[in-house]
Amino acid sequence: MSRPVTAGTTSNSAKPLTGLRFIGERKGLLQSEPVVLAAMLLSLGLYYFVPGLVSAVVGGALFFALTLYRPDLHLVMVPLTVPLFYRPRPLGNLYFSLAEVVIVCGVAAWALRDGTRFMRERKFPSVTAARAWVGQPAVILAVVLGMIGLLWLLVPEAEYRKIAAYDFWRTVLSPLLFFAMMLRWLRTERDIWRMVAAWLVTASLIGREGVEQYLFGETVSMEGVGRASSVYPSSTALGIYLGRAIALSIVLTLFLPSTWRFWRIACAIFSLIIGLGVLFSFARGAWIGVFVALVVVGILTRHRVLSIGIGAATLAALAALPFINVERITSIFDLSGSENTGVARFRIWSAAINILRDHPFTGIGQDQFIRQDPVYEVPSSRFFITSHPHNLIFDFWLRLGLPGLLWMFAVLVYFFWEALRLWRQHVGTALGALLLGLIASMITFVVHGLLDMAYFTMDLAVTFWLTVGLIVLVKRYQSLEVIGN
């Protein structure tokens with residue numbers, strides 16, 4: 001006699017369709033999250049790694065079917081695949097990154113699920129679900145960013161609008177769609193930690209690749225050191241991505257409750273691997289960003305071990321500084337060389353200021369910095385591809401005008417205010433440790449972003465909205481607990 005399916009059999013955030021649900025009950029496999037996740041990975045592997053159109057179609061179709069069945073688990077694939085954005089899968093003359101395919105499949109499955117239910121029940125589940133988010137600051141901010149980005153497609157000259165449109169898709173629209181799907185399908189604390197695990201596992205895999213490159217000499221030589229880049233086109237891009245993950249991982253290692261022993265051990269291992277990846281990237285902005293984030297966490301919590309560790313590391317670095325003869329480190333203090341990275345940044349910032357003087361309100365549009373008139377003297381050097389102004393403030397201002405700059409300040413104020421408020425309510429709990437880690441990660445985003453790229457690549461934009469989305473989900477989970485009590 002078969003056991004009836006109750007409301008608790010599957011996640012209430014993504015109830016399977018009837019047919020697949022029946023198969024899952026009969027076979028007993030599709031009810032297992034690890035099995036579904038493994039099947040998703042295998043289907044994506046078939047799409048991505050096996051050459052030929054047939055494998056791409058079959059792999060994509062299988063992944064879409066699994067996404068239709070469990071859209072909540074599908075979301076795990078976004079942080080798992082987004083670092084591969086720089087290595088798209090060619091299909092004829094077209095190139096599609098894996099994360100773009102994952103997001104498009106998710107949106108299509110969302111539309112099909114809700115469309116099917118509308119045909120059956122004459123109501124859209126998404127409309128009902130959206131009512132819970134109406135008036136939420138994060139949702140309003142997301143909608144505003146989408147509107148600004150869409151309107152600012154008119155700013156570049158007509159011949160460059162196609163480039164701006166692609167930048168809008170990969171750094172504004174697709175990350176916002178990912179954020180929307182998080183709000184649609186994720187509801188439980190288990191959902192929250194699943195996304196955290198996906199982020200840290202991915203960062204560890206990326207960091208491990210960088211460590212292997214460094215140990216086996218497969219690096220790019222720059223300023224007297226070999227710099228690892230892992231799957232990224234540059235070592236700096238690797239450092240930017242890993243810096244946000246290492247801040248989260250270290251905080252979780254230190255602040256998760258003792259009852260979360262497995263997670264603490266896992267995060268300690270993640271911290272080691274990701275930390276080595278950050279170290280071997282020799283991205284000094286990442287070093288600074290992570291250091292500042294941990295200092296702030298130490299001040300907030302007065303954690304003895306963390307404070308002692310930061311103090312000891314600072315004293316050791318200051319004591320060793322006179323004896324360090326590595327150009328990559330000593331060049332920070334050398335402002336004489338024209339090829340010095342610090343000097344080059346000042347030149348890039350000067351060019352950005354000159355452009356903003358002529359375009360103070362509209363900026364120049366998305367991904368247009370490298371295409372400006374030579375009169376602005378946007379520099380080129382062996383260290384930099386000057387496609388962006390290497391500064392968070394200038395980048396938002398140039399790409400999305402004054403409204404984009406104001407939006408950036410507004411979202412950061414909202415994030416830190418909300419995250420700190422929630423953290424004070426959850427101090428000493430696992431969610432409290434997560435909130436503190438997300439604060440540290442966002443501090444790294446801001447500090448490193450003042451020196452380099454911060455948001456406008458697909459991996460960084462998705463990571464940003466993953467961070468914001470986790471805060472919103474914790475807030476929602478807390479509200480559901482209060483209602484339940």
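Predicted model: local features only at pLDDT ≥ 70, side-chain atom pairs only at ≥ 80, totals over all residues.

Trainee: Okay, so is Y69 buried or exposed?

Mentor: Y69 is buried, with a relative accessible area of 1%, and Y69 lies in helix α3, which covers residues 53–69. Helices here are DSSP runs of H or I with at least four residues, strands are runs of E with at least two, and both are numbered from the N terminus. The C-alpha atoms of Y69 and V36 are separated by 9.3 Å, although the two are 33 residues apart along the chain.

Trainee: And how many helices and strands does the protein have?

Mentor: The protein has 19 helices and 4 strands, and of its 485 residues 52% count as buried. Among contacts between residues at least 6 apart in sequence, 75% join residues at least 24 apart, where contact means heavy atoms within 4.5 Å.

Trainee: Which residues touch the most other members of the largest nonpolar core?

Mentor: They are L252, W407, L434 and W465, in a core of 129 residues. Helix α19, residues 458–484, gives the most to this core, with 14 residues. A nonpolar core is a set of buried Ala, Val, Leu, Ile, Met, Phe, Trp, Tyr and Cys residues joined through side-chain atoms within 4.5 Å.

Trainee: What does L252 touch?

Mentor: Not counting residues up to four places away in sequence, L252 touches W193, V196, L200, R264, C267, A433 and L434. Another core lies apart from the largest one and has 10 residues, among them I348, A352, I355 and I364.

Trainee: Switching to packing, at what angle do α8 and α9 cross?

Mentor: The axes of α8 (residues 137–151) and α9 (residues 161–185) cross at roughly 155° and come within 10 Å. That makes α8 roughly antiparallel to α9, given that angles over 145 degrees count as roughly antiparallel, those under 35 as roughly parallel, 65 to 115 as roughly perpendicular and the rest as oblique. The axes are lines fitted to C-alpha atoms, for helices over the stretch in contact, with angles from 0 to 180 degrees between N-to-C directions.

Trainee: Which residues meet there?

Mentor: From α8 there are A138, V139, A142, L145, G146, G149 and L150, and these meet F168, V172, L176, F179 and L183 in α9. By class, that contact has 10 nonpolar, 2 polar and no charged residues. In this scheme Ala, Val, Leu, Ile, Met, Phe, Trp, Tyr, Cys and Pro count as nonpolar, Asp, Glu, Lys and Arg as charged, and the others, Gly among them, as polar.

Trainee: What about α6 against α9?

Mentor: The axes of α6 (residues 98–121) and α9 come within 10 Å and cross at roughly 45°, which makes α6 oblique to α9. Residues in this contact include W110, R113 and D114 from α6 and W169, R184 and W185 from α9. The contact of α6 with α9 divides into 11 nonpolar, 2 polar and 4 charged residues.

Trainee: Last topic, what is phi for E223?

Mentor: Phi of E223 is near 50°, a positive value in a residue other than glycine. Most residues other than glycine have a negative phi. E223 lies in the loop between β3 (220–222) and β4 (225–227) and counts as buried at 5% relative accessibility.

Trainee: Where is F282, and what is its phi?

Mentor: F282 is in the loop between α12 (261–281) and α13 (284–301), and its phi is also near 50°. F282 is buried, with a relative accessible area of 10%.

Definitions and conventions:
Residues numbered from 1 in each chain as written. Heavy atoms only, no water. Buried < 20%, exposed > 50% of the residue type's maximum accessible area, 1.4 Å probe, protein only.
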